[in-house]
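Subject: Handover of a structure and notes on its side-chain contacts

Dear colleague,

Please find the structure below, together with its sequence. My notes on charged and aromatic side chains follow it.

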Amino acid sequence: MLQIPIWKRILIWGLCALGLLFAMPNLFYSRVEGHNDALAAVAAQGGVPNTEQEFAIAAWPSFLPSTLVNLGLDLRGGAHLLAEVKVADVYKQRLDGLWPEVRDALRAERDTVGNVRRLDAPEGELRLTVSEPAGMDRALEVVRGLARPVVTLTGIGQNDLEVRREGDAIVVTLSEAERIATDERTMQQSLEIIRRRVDEVGTREPTIQRQGTDRILIQVPGIGSADELKALIGTTARLTFHPVLSQTSDSATPVPPRHRLVPAADEPGIYYIIEDAPVVTGEELVDAQPAFDQNSRPAVNFRFNPTGARKFGDYTANNIGKPFAIVLDDKVISAPVIQSHIPGGSGIITGRFTVEQSTELAVLLRAGALPAAMVFLEERTIGPELGQDSIEAGRIAAIVGMSLVVVYMIASYGLFGVFAAVALLINVGLIFGILSAIGATLTLPGIAGIVLTIGMAVDANVLVFERIREELRSARGPARAIELGYERAMSAILDANITTFLIAVILFVMGSGPVRGFSVTLGIGIFTSVFTAIFVTRLILVTWFDRARPKTITV
């Protein structure tokens, strides 16, 4: 006979209530994009500005779930960028960083090789010469000794450096294995730093994916324009601290060896001659926060790790009274004079900043420097009006689809169709509840998946109701017909939905972007459809049967 234990009834209704509770905040909340003045106000209070300010438009208790369904770029508007990472820049940085190591290693062999001098070289090469031709073989041996094995996923491969002799010069290049490993590291580091920078400003569910060997796709819902996104992630944010040789207003001033001429960031016509080798770099920073200096002007507080703090402290102790350039992306943003020893490894960067600029600089420094510059190949800004039109179109499609399904079910199965329609409404609520609970992103293809789910959700009920009809034709009693209808339709329901769910999983694993958005809602819809068809509809039907006790039923 029809029997559902009380604990199972409580569990079923409890799960339905929980799912609907997670879905409810989407009806009570509205998203309002943060404007510049709002961001400035947040930053002035010492907080991290959030480009997505959410404000309640109706009372909703704070102790209840308040997570919302995230809207994708196509529904909410935002920015789309396709960037190419200049991985070749990393090769140059690597060889430039190798030169001091090579020089120091050969200095230890000065009696044999003589003096060491760096030569001009084409891109991708480090060339040097020694003053004692007889010591060339020893110099080659020493430089080759600096090579290290390249560690890859398949194990340890060839060395990272290739060293050869060309005439009276020693030529050092990166090996092919090292170039491949460097490209992979550069792309992974770029992806992670871009993700950190976007996450720092509180944007929801960005899409940051690698495309091909050296390109990155970035889609950020809710941001005002592609220019804003480029300003946030396009800055390399390479911070270095250099000794200053002199200051000049002539851009043609001769520069001594191992020095370079760098312009001031906010003082047109002012240039600084600084040493090539930095004392400390932004890689040794552990924290950076927007702040105000003693004159209440926007600034940035920073703090080094123990290694950077030691270097910074030693340099400031030995160079009191000398200027010290703080360089960001080859522009001097500040050149203070060292007033005293700074042992704690912390300091403050001042300049002609606005609140927004100091906050953005702190975000960039916390996230870290991009390993290489990026060139933007494609950029688009999608307005929120277009996204709202898509939402309205999806809502209309869902309402029309659900209405047709409900009309058909009631016309075909009468009161049983009404039960199926109630379960369908609960099913849609559960889909939004799960999307909210897991923080999934709803896209236009995702709405298509929900509309498709609405049409498929009653399939299981159709199978059950048709089996009940067959049992009634065999002169079964109402209770026995209902029980056998569910039992004998179960295998067909599970087989059909398991195969469809596997397709959704394959789409999610193998697809990307819109395909994944569709597969997520389809997979969740299959799960909730089976739950509502097997448990919720049956519970509604059994509850009605227990109270009405009909002698006959019509399906």
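Predicted model: local features only at pLDDT ≥ 70, side-chain atom pairs only at ≥ 80, totals over all residues.

Does Phe416 count as buried or exposed, and what is its relative accessibility? Phe416 counts as buried, at 1% relative accessibility. Here, buried means under 20% relative accessible area, exposed means over 50%, and partly exposed lies in between, with a 1.4 Å probe and protein chains only.

Residues are numbered from 1 along each chain as its sequence is written, and side-chain values use heavy atoms, with hydrogens and water left out.

Aromatic pairs

A search of the whole structure finds 16 aromatic pairs. Rings of Phe, Tyr and Trp (its six-membered ring) pair if their centres lie within 6.5 Å; planes under 30 degrees apart count as stacked, over 60 as edge-to-face, and the rest as tilted. One of the pairs is formed by Phe416 and Phe419, with ring centres 6.1 Å apart and planes at 40°, so this pair is tilted. Both residues belong to helix H13 (residues 415-438), where a spacing of 3 residues separates them by about one helical turn. Helices (H or I, at least four residues) are DSSP runs, numbered from the N terminus. Phe419 also counts as buried, at 9% relative accessibility.

Phe531 and Phe535 form another tilted pair, with 5.8 Å from centre to centre and 40° between the planes. These two residues lie in helix H17, 4 residues apart, which is about one turn of the helix. Phe531 is buried, with a relative accessible area of 15%, whereas Phe535 is partly exposed at 36%.

Elsewhere, one aromatic cluster is made up of Phe241, Phe302, Phe304, Phe312, Tyr315 and Phe324.

Salt bridges

Side chains of opposite charge can pair when their charged atoms come close. The structure holds 28 salt bridges, each being a side-chain nitrogen of Lys or Arg within 4 Å of a carboxyl oxygen of Asp or Glu. In one of them, Asp546 is joined to Arg9, and the closest N and O atoms are 3.1 Å apart. Asp546 lies in helix H17 (residues 514-548) and Arg9 in helix H1 (residues 6-23), so this pair ties together parts that are 537 residues apart in sequence. Asp546 is partly exposed, at 27% relative accessibility.

Other salt bridges lie within a single helix. Arg138 and Glu141 meet at 3.2 Å, N to O; both are in helix H7 (residues 136-144), 3 residues apart. Arg138 is partly exposed at 30%, and Glu141 is partly exposed at 49%. In helix H15 (residues 459-473), Glu471 and Arg467 are 4 residues apart, and their closest N and O atoms are 3.8 Å apart. Glu471 is buried at 5%, while Arg467 is partly exposed at 24%.

Charges over rings

A charge sits over a ring if NZ of Lys or CZ of Arg is within 6 Å of the ring centre and within 35 degrees of the ring normal. The charged end of Arg179 sits over the ring of Tyr91, 4.6 Å from its centre. Likewise, Arg516 has its charged end over the ring of Phe508, 4.5 Å from the ring centre.

Yours sincerely
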